[in-house]
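Here is my note on this model, written as numbered points. Please keep the structure open beside the text and find each residue as it comes up.

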Amino acid sequence: KLYAKSLGIDDSIEFLTNLPFDEMIGYLKRATIGLHTMRDEHFGIGIVELMAAGLITVAHNSGGPRADIIKKDSGFLCTSASEYSQTILKIIEMTSEDRLKIAQTAKRSVLDRFCGEIFSKLFSESVKTIINEQ
């Protein structure tokens, strides 16, 4: 908040913290772009949640987002402020059909790889392997 104030943009930003889940989902349903700028995020559950909610996600080109989360045609990876702004402008200028295609690809991608059922299955298989080795 102090940084936004120092930049003179604090009147253009609203910080919403500790929202009830339903209210947060409401914001996600109305949004188009999910922005995540953390460098070297180890995994990025927030990024997965943005994609699962159907947002076009723009994340830092490092760590988990690059290695495991954002795959071909499912979002955008950036490193500099200039690259982020150019990418956001590109998304805004896309046709609604092109934005929908990316959002659907992203949603399908993360739901196919990170949903609870997949986690349970892979976890069970891993535990069985460990138990069978002993």
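1. Start with Asp40. Asp40 is exposed, with a relative accessible area of 51%. Asp40 sits in the loop between β1 and α3. Its phi is near 60°, a positive value in a residue other than glycine. Most residues other than glycine have a negative phi.

2. Now the ground rules. This is a predicted model: local features need pLDDT of at least 70, side-chain atom pairs count only at pLDDT 80 or more, and totals for chains, interfaces and linings use all residues. Residues are numbered from 1 along each chain as its sequence is written, and side-chain values use heavy atoms, with hydrogens and water left out.

3. Next, the overall plan. The chain has seven helices and three strands. Helices (H or I, at least four residues) and strands (E, at least two) are DSSP runs, numbered from the N terminus. Along the sequence the pattern reads α-α-β-α-β-α-β-α-α-α. The C-alpha trace spans about 60 × 35 × 30 Å along its principal axes. Of the 134 residues in the chain, 26% are buried.

4. The accessible surface of the chain is about 9,500 Å², and 56% of it belongs to carbon and sulfur atoms. Accessible areas come from the Shrake-Rupley method with a 1.4 Å probe; for residues, only the protein chains shown count as cover. A contact means heavy atoms within 4.5 Å. Among contacts with a separation of 6 or more, 42% join residues 24 or more positions apart.

5. Two strands pair if DSSP finds at least two bridges between them. Four bridges join β1 to β2, and three join β2 (residues 56-60) to β3. Ala59 stands opposite Leu77 in β3.

6. Is β2 enclosed or open to the outside? Five of the five residues of β2 are buried, so this strand is largely enclosed by the rest of the structure. Take Thr57, which lies in β2. Thr57 is buried, with a relative accessible area of 0%. The bridge partner of Gly34 in β2 is Thr57. Leaving aside neighbours within four places in sequence, Thr57 is in contact with Gly34, Ile47, Leu50, Met51, Ile70, Gly75 and Phe76.

7. The side chains of Asp73 and Lys72 meet in a salt bridge (3.3 Å, N to O). A salt bridge is a side-chain nitrogen of Lys or Arg within 4 Å of a carboxyl oxygen of Asp or Glu. Both Asp73 and Lys72 are exposed.

8. How many salt bridges does the structure hold? It holds two. Lys121 forms one with Glu125, the closest N and O atoms being 3.9 Å apart. Both lie in helix α7 (residues 116-133), four residues apart, about one turn of the helix. Glu125 is partly exposed, with a relative accessible area of 39%. Side chains of opposite charge can pair when their charged atoms come close.

9. Tyr3, Leu7, Ile9, Ile13 and Phe15 make a nonpolar patch of about 500 Å². Patches are made of residues with over 30% relative accessible area and no salt bridge: like charges are joined within 9 Å, nonpolar side chains (Val, Leu, Ile, Met, Phe, Trp, Tyr) within 5 Å. Ile9 lies in the loop between α1 (2-7) and α2 (21-30). Ile9 is partly exposed, with a relative accessible area of 35%.

Conventions:
Buried < 20%, exposed > 50% of the residue type's maximum accessible area, 1.4 Å probe, protein only.
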